[in-house]
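Trainee: I have a model open and a few things to ask about it. Can we go through them one by one?
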Amino acid sequence: MSAVKKLTTPLTPKAVRDLRKGDAVEITGTIVTGRDALHKLWIKGWPEYPDLTLRGSVLYHCGPVVRKEKDGWSMLAAGPTTSIREEPYEASVIAHYGFAGIIGKGGMGPKTLAALKEYGAVYLHAIGGAAQVLARKIVRVQGVRHLEEIGVPEAMWILEVKDFPCLVTMDSHGESLHEEVKKSSRAIFDELIGKKKAGAA
Amino acid sequence: MAKPKRPTPKPARKAPPSKKQKPAARQAVKQPPRPKKAPKAAAKQAAKKTAPKRPADPFGEKALTQVFTELLRRAATSIPPDVLVALEKAREREEPGSVARDTFDVLIENTRLAKQDSRPICQDTGMPFFEVAIPRGISIGAIERAAVEATRQATKTGFLRPNSVDTLTNKNPGDGAGRGMPIVHVHEGKGKGLSVQLILKGGGSENVGTQSALPNVDLGADRDIDGVKKVVLEAIFNAQGKGCAPGVIGFCFGGDRANGYNEAKKQLFRKLDDTNPDPTIAAMEAELLEKGNLLGIGPMGYGGKTTLLGVKGSYLARLPACYFVSVTYMCWATRRAAVEVLPSGKTVYSQ
Ligand code: SF4
């Protein structure tokens, strides 16, 4: 595996374009979480966040386990959630808020892949279920939005992360590791169930 | 035995008043053995006051609430040993320096951290599914209430995420309980004790489960064992890495739709290294495991040699007109735990 690329938010357009499918990266800086309910809330009215820099920032598909402390919050578990559910909305979200990276798991579809290319962004795969390893990369919870409206797992958490590890699985050049694996496994599957090109048989 | 780092959850705030419950017999139950330092004198006195002969009701709602809460904590925070072994073996199979191998390193490290700090392995602590075998004459209501209350307590203490959403209002009540959640199945067992099996099944993996009806023309799948295997393999292919591969497959052929899914899910209680006593099903399991791994989907769908950690199957009788194949997918974070509560009140936990 090639060396890990270190990224700091907000990402520059060049840094994004330099990333290729299969690159391992580590992100440092501010990121925000958002999943199903938040995406719905966003596309309904595009709330503005004048005090946050979302352009060039990174959106994390995550519904964490959070504990309220005397002086704030602590993240007890914070791995990625399945991204494909946001497929209908993500292209518009990228266009509107200008996120340069989407962290999640499982990959996304053609509409998002096209948006990544058009607006200059990447999809970053975090390891699903690695909630403890990843929670430790969150050094501080800077704040939270929409907590009352949509609850802990769905709220928009503003997080400061350090060396948060991901794999670029969809880049800004139209390449997707998910498509690649799907294609190669499809060929094997067809062969295993005796469909078409059984070749050797 | 691993002890929780953080204080064991306090006993329930008063359980919702249940009129059927006899206060004297049920409420002053002796604490189960875990929270060690209960003030002894007080406990003794309480026991003296209320339960002259029988020391306590180990199968009552209050005692079971505590046992179930601890069971939830264990399932959420500690990976079963057989699953860990499977992850370690999978790691060895991947090329040094490959993304797949690095991924297994992270998964294994994650389980270590979770256990060490008694924190959830994954933030999606899933849908609790309790399968309870009870001795004759025990109150089923008490068990159901205990499971709900335990889910609330484990949520309050952060071992479970507030994971229940009211589907009608889309509101999250925040306490982990809701209509049909947790799932509690109770049946009469053979022994004198009460035995509980629990899995926590996350949403990402639940989403990639499938149910189909045979025959399936596209796959060339007839109503026979070969057809079943084709459909299960297709489900594995379609899941790709989305259910947090490598996964464990539970499948069932036959049954009606509802029981088919349920039977498939119950396969997830089995240990990965067990052998199905039915040789036909055992052969199906082995073949599907091998073929599933040949797909090369790998951990997280990054590509790699291990796509599955296990395949477990079963079947049910069917109507002549129906032939369902139900497939459930459990993520690599296969969280399960069991406990046996003996009539003496002694509890034996296992994973
Ligand atoms: S599917 Fe992935 S995210 Fe969901 S519970 Fe399992 S490990 Fe966690």
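Trainee: How many residue pairs are in polar contact between domain 1 of chain B and domain 2 of chain B?

Mentor: This is a predicted model. Between those two domains of chain B there are 7 residue pairs in polar contact, with both residues at pLDDT 80 or more. On the domain 1 side, strands E1 (127–134), E2 (183–188), E3 (194–201) and E8 (335–341) each supply at least two of the residues that touch domain 2. E3(B) gives the largest share, 5 residues.

Trainee: What classes of residue does that side of domain 1 of chain B have?

Mentor: The side of domain 1 of chain B that touches domain 2 has 5 nonpolar, 5 polar and 5 charged residues.

Trainee: Which residues form a salt bridge there?

Mentor: The rule finds 1 salt bridge across the interface of the two domains. B:Lys201 pairs with B:Glu206, and their closest N and O atoms are 2.5 Å apart.

Trainee: And how much area is buried between the two domains of chain B?

Mentor: About 1200 Å², with carbon and sulfur atoms giving 60% of that area. B:Lys201, B:Thr334 and B:Arg336 supply 45% of what domain 1 of chain B buries against domain 2, more than any other three residues.

Trainee: Which residues come nearest to the ligand?

Mentor: Of the 14 residues around the ligand, the nearest are B:Cys122, B:Asp124, B:Cys244, B:Cys331 and B:Arg335. The shell has 6 nonpolar, 5 polar and 3 charged residues.

Trainee: OK, on to the two chains. How many residues of each are in contact?

Mentor: On chain A, 40 residues are in contact with 43 residues of chain B. The chains bury about 3600 Å² between them, 64% of it on carbon and sulfur atoms. A:Ile127, A:Phe189 and A:Leu192 supply 15% of the area that chain A buries against chain B, more than any other three residues.

Trainee: Which side chains meet in a salt bridge between chains?

Mentor: Those of B:Asp117 and A:Arg136, at 2.3 Å from N to O. The rule finds 1 salt bridge across the interface of chain A and chain B, and 14 residue pairs in polar contact there, both residues being at pLDDT 80 or more.

Trainee: Which element gives the largest share of chain A's side?

Mentor: H7(A), with 8 residues. By class, the side of chain A that touches chain B divides into 21 nonpolar, 10 polar and 9 charged residues.

Notes. Residues are numbered from 1 along each chain as its sequence is written. Chains are lettered from A and ligands numbered from 1 in the order in which they are written. This is a predicted model: local features need pLDDT of at least 70, side-chain atom pairs count only at pLDDT 80 or more; totals for chains, interfaces and linings use all residues. Side-chain values use heavy atoms; hydrogens and water are left out. Contact means heavy atoms within 4.5 Å. Buried area is the accessible area (1.4 Å probe) that two parts lose on being put together, summed over both. A salt bridge is a side-chain nitrogen of Lys or Arg within 4 Å of a carboxyl oxygen of Asp or Glu. A polar contact is a pair of N or O atoms within 3.5 Å; within protein, one must be able to donate a hydrogen and the other to accept it, and residues adjacent in sequence count only if both atoms are side-chain atoms. Helices (H or I, at least four residues) and strands (E, at least two) are DSSP runs, numbered from the N terminus. Ala, Val, Leu, Ile, Met, Phe, Trp, Tyr, Cys and Pro count as nonpolar, Asp, Glu, Lys and Arg as charged, and the others, Gly among them, as polar. A residue is near a molecule or strand if one of its heavy atoms lies within 4 Å of it.
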